[in-house]
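Dear colleague,

Please open it first, and then read the notes below beside it.

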Amino acid sequence: MADRSKRETKRERELRERRAYYAQLPPEEKRAYRERRIREKKLRKLKHMAVSSGVMLALIVISVIGVLLQRGGRKTPGTQQNSADPAQSSVRLPDYVVENLIRKNPYSRPGDPLEQVNGIVVHYIGNAGTTAENNRNYFDSLADQKEGEDARSASSHFIIDLDGTVILCVPLNEIAYASNSRNADTISIECCHEDETGKFNDATYMSLVKLVKWLEEEYDLKPENVIRHYDVTGKECPRYFVQNEEAWNQFLKDIER
């Protein structure tokens with residue numbers, strides 16, 4: 001309160017001095033003085049308006065940048081959020097999925113867009129006792145085939161290990177070379193198995209059920225949209241589910257949402 005009084009007294013003193021100065025001026029100088037004061041007031045007003053406009057412009061710019069950043073942070077269907085790969089889809093992977101993408105190449109990851117997902121295809125590796133990592137590395141090694149060789153094409157979106165670990169090899173917004181004529185509209189899952197019967201152990205089976213149920217929910221699919229490789233080509237894959245129809249039917253019950 002004391003500081004405020006002091007400032008007011010100073011303003012009053014300045015005003016008295018200005019009036020005294022004005023009173024002693026000749027008429028023609030008084031007119032010039034008034035005009036100068038008017039110009040000074042206008043200039044102050046313009047400066048104030050410029051500062052206000054600058055603040056407003058800055059706020060608008062900040063708001064626009066904020067909106068752009070929010071939009072940039074949103075994921076669009078088909079890009080993984082936990083991946084540095086720019087091709088990733090905006091589907092957020094479950095915590096139990098390990099992302100270990102293979103290299104882009106013509107033989108196992110061509111980079112062609114998976115524009116729609118109408119189903120899920122279940123496979124078995126066919127090489128008993130091998131791990132998900134073994135098979136992921138095999139898919140990746142196909143990139144090293146030389147042009148002109150009798151090249152092989154193969155891959156899968158997911159591979160489920162003998163211990164239930166799930167690896168993502170191909171982004172969910174790209175096709176994988178797994179399901180022949182259904183590559184263009186399905187997500188593929190390869191499952192490891194311990195022996196030639198192709199039967200999945202409990203860890204692999206439970207991860208398969210969990211993964212398929214998540215995909216069903218993510219892509220609005222139903223158990224009838226989940227098929228075997230056998231249902232596409234007639235190939236005995238996955239072998240145990242082809243040779244044991246009741247086991248396949250039980251699996252379809254287990255994945256009901």
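**What was found**

Asn-183 touches Leu-114, Ile-175, Ala-176, Tyr-177 and Ala-178, if residues up to four places away in sequence are not counted. Please keep in mind that this is a predicted model. Asn-183 itself belongs to the loop that runs between β4 (166-168) and β5 (186-191), and because its relative accessibility is 12%, under the 20% cut-off, Asn-183 counts as buried.

Next come the aromatic rings. A pair of aromatic rings is described by the distance of the centres and the angle of the planes. The structure holds 6 aromatic pairs.

Elsewhere, Phe-200, Tyr-205, Phe-241, Trp-248 and Phe-251 form one aromatic cluster.

Finally, please look at the pockets. Rolling a probe the size of a water molecule over the atoms shows where empty space is left. The largest pocket has a volume of about 380 Å³, and its lining is made up of 21 residues, of which Ile-125, Arg-152, Ala-154, Glu-190 and Lys-235 lie nearest the centre. Both β2 (119-124) and α3 (132-141) supply at least two residues of this lining, and the largest share, 3 residues, comes from α3. Sorted by class, the lining of the largest pocket has 10 polar, 8 nonpolar and 3 charged residues.

The second largest pocket holds about 160 Å³ of space. Which residues line the second largest pocket? They are Lys-199, Phe-200, Asn-201, Asp-202, Tyr-205, Met-206, Tyr-240, Phe-241 and Ala-247, and among them Phe-200, Tyr-205 and Phe-241 also belong to the aromatic cluster described above. At least two lining residues each come from α4 (202-219) and α6 (239-243), with α4 giving the most, namely 3 residues. By class, the lining of the second largest pocket divides into 6 nonpolar, 1 polar and 2 charged residues.

With best wishes

Definitions and conventions: Residues are numbered from 1 along each chain as its sequence is written. This is a predicted model: local features need pLDDT of at least 70, side-chain atom pairs count only at pLDDT 80 or more; totals for chains, interfaces and linings use all residues. Side-chain values use heavy atoms; hydrogens and water are left out. Rings of Phe, Tyr and Trp (its six-membered ring) pair if their centres lie within 6.5 Å; planes under 30 degrees apart count as stacked, over 60 as edge-to-face and the rest as tilted. Helices (H or I, at least four residues) and strands (E, at least two) are DSSP runs, numbered from the N terminus. Buried means under 20% relative accessible area, exposed over 50%, partly exposed in between (1.4 Å probe, protein chains only). Contact means heavy atoms within 4.5 Å. On a 1 Å grid over the protein atoms alone, a cavity is a set of points where a 1.4 Å probe fits but cannot get out, and a pocket is an open set with protein on both sides within 12 Å along at least five of seven lines; lining residues have an atom within 4 Å of a point. Grid points are joined across faces, edges and corners, and a volume is the space filled by probe spheres set on the points. Ala, Val, Leu, Ile, Met, Phe, Trp, Tyr, Cys and Pro count as nonpolar, Asp, Glu, Lys and Arg as charged, and the others, Gly among them, as polar.
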